[in-house]
Amino acid sequence: MTPRLDYRWNLRQVMASRGMFATTDLIGPLAQRGIRLSSSQVYRLAAERPERLSLKVLMALLDIFGCTMEDLVE
């Protein structure tokens with residue numbers, strides 16, 4: 001039997017703990033780090049569990065929130 005891998009995506013919780021409640025609040029900080037995403041892309045990133053995530057976006061999120069990967073992915 002193949003083991004089932006699962007994870008929890010905590011971006012919304014990390015955002016809220018830093019006083020960021022609107023997903024569009026991420027557009028500016030991401031753009032400052034060279035990541036250009038539409039408001040719908042940022043919404044999906046925050047509201048849904050991503051199946052794929054570029055390392056650039058992940059590194060930008062870690063930098064924006066000053067957190068570790070364990071804070072975002074459980």
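Start by selecting Arg-33, which is partly exposed at a relative accessible area of 34%. The model on your screen is predicted.

Which residue does Arg-33 form a salt bridge with? Select Asp-63 and look between the two side chains. The closest N and O atoms of Asp-63 and Arg-33 are 2.6 Å apart. That falls within 4 Å, so the pair counts as a salt bridge. Now trace the chain. Asp-63 lies in helix α4, while Arg-33 sits in the loop between α2 (27-32) and α3, so the bridge ties together parts that are 30 residues apart in sequence.

How many salt bridges does the structure hold? There are 3. Two stops remain on the tour.

Select Asp-6 and Arg-49. They form a salt bridge, with the closest N and O atoms 2.6 Å apart. This pair links distant parts of the chain, 43 residues apart. Asp-6 belongs to the segment before α1 (11-17). Arg-49 belongs to the loop between α3 (39-47) and α4 (55-65). Asp-6 is exposed, with a relative accessible area of 51%. Arg-49 is partly exposed, at 38%.

Next, select Glu-74 and Arg-8. Here the closest N and O atoms of the salt bridge are 3.3 Å apart. Again, distant parts of the chain are linked: the partners are 66 residues apart. Find Glu-74 in the segment after α5 (69-72) and Arg-8 in the segment before α1. Is Glu-74 buried or exposed? Glu-74 is exposed, with a relative accessible area of 54%. Arg-8 has 49% relative accessibility and counts as partly exposed, because exposed means over 50%.

Conventions:
Residues numbered from 1 in each chain as written. Predicted model: local features only at pLDDT ≥ 70, side-chain atom pairs only at ≥ 80, totals over all residues. Heavy atoms only, no water. Helix = DSSP H or I, 4+ residues; strand = E, 2+ residues; numbered from the N terminus. Buried < 20%, exposed > 50% of the residue type's maximum accessible area, 1.4 Å probe, protein only.
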